[in-house]
Amino acid sequence: MKTFISSLLLIFAITLTLTASKPSKPIRILVVTGGHGYKVEEFNQMLASLGTSITYQIAELPSAYNMFLPENRKKYDVLVFYHMWQQISDEQAKVFAGCIREGKPIVALHHSICAYDDWPEYVKIIGGKYFHKPAEIDGKTYPVSSYIHDLHFNVKIADQKHPVTKGLKDFEIFDETYKDFYVGPDVTPLLTTDEPTSSPIIGWTKKYGKSRVVTLQSGHDAPTFENPNYRKLLKQAIEWVYKGIK
């Protein structure tokens, strides 16, 4: 009997070891681009640096709208926005919002905050908006936003316990700043800065329907793509929003 029990325990231990060593499926991200130029090679190098646990494909708008359709949603796990698209029909808006609301999480980067000037729901989805023209939200009027290229400035970790910022300390970045852009009252700040040419909150998380959303204002050019702190933020943001999928 002791031999039998010992054999069972050995089999159980081996099974646990094999299960633990079996690689999990990678997180499949769909990177949505369009409406703004960028350094493609350097951007893709950043995506490749995230490791084998994350795979990516690029979809450019307007053809990327097809990926929001119900029959295509199983082809990816997480949406990464790096677009500045403006045109959207009522039907495309309905499908787009429904895709997120029903469970496709988002990591929105940089000029994605500048997209869809005439689609108010997009502001609710990502939690912020860069204004190309004066706008009104919840009865308050906002002026045109501004930007400045190529600045060294400090990024401060607002919540060091959050999974997106875990292991990170305040760091310097060389990037583009946005000032006077809107940040919704329902967001949880993750990153801030005291740079006077920037709005104070430059990274946050929120919920939209069933989905987790992380928005990072930084991400203009190659120096940011190559910054190890930004790469860590991006990877942890993808992993965290993915873990929220029900």
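Two residues are said to be in contact when heavy atoms of theirs lie within 4.5 Å. In this predicted model, L79 by that criterion touches L30, V32, F68, C99, I100, K104, P105, I106 and V107, where residues up to four places away in sequence are not counted.

L79 is also among the residues with the most contacts inside the largest nonpolar core, a group of 36 residues in which F68, F81, F96, Y116 and I125 are listed alongside it. At least two residues of this core are supplied by each of β1, β3, α3 (90–101), β4, α4 (120–126) and β12, and the largest share, six residues, comes from α3. Another core, of 33 residues, lies apart from this one and includes V31, F171, L233 and L234.

The strands form an open sheet of nine members with mixed pairing, arranged in the order β2-β1-β3-β4-β13-β12-β11-β8-β9. Because β2 (54–60) and β9 (171–179) stand at the edges and have a single partner strand each, one side of each is left without a neighbour in the sheet. On average, neighbouring strands of this sheet are turned by 30 degrees against each other, direction ignored.

In general, strands of a sheet pair through backbone hydrogen bonds, and the pairing may be parallel or antiparallel. Strands β11 (residues 188–192) and β12 (residues 201–208) run antiparallel and are joined by four bridges; T188 has T205 in β12 as its bridge partner. Elsewhere, helix α2 (residues 40–48) lies across β1 (27–34), β2, β3 (78–83) and β4 (106–109), and the helix runs at about 150 degrees to β2.

Terms used. Residues are numbered from 1 along each chain as its sequence is written. This is a predicted model: local features need pLDDT of at least 70, side-chain atom pairs count only at pLDDT 80 or more; totals for chains, interfaces and linings use all residues. Side-chain values use heavy atoms; hydrogens and water are left out. Two strands pair if DSSP finds at least two bridges between them. Axes are lines fitted to C-alpha atoms, for helices over the stretch in contact, and angles run from 0 to 180 degrees between N-to-C directions. A nonpolar core is a set of buried Ala, Val, Leu, Ile, Met, Phe, Trp, Tyr and Cys residues joined through side-chain atoms within 4.5 Å. Buried means under 20% relative accessible area, exposed over 50%, partly exposed in between (1.4 Å probe, protein chains only).
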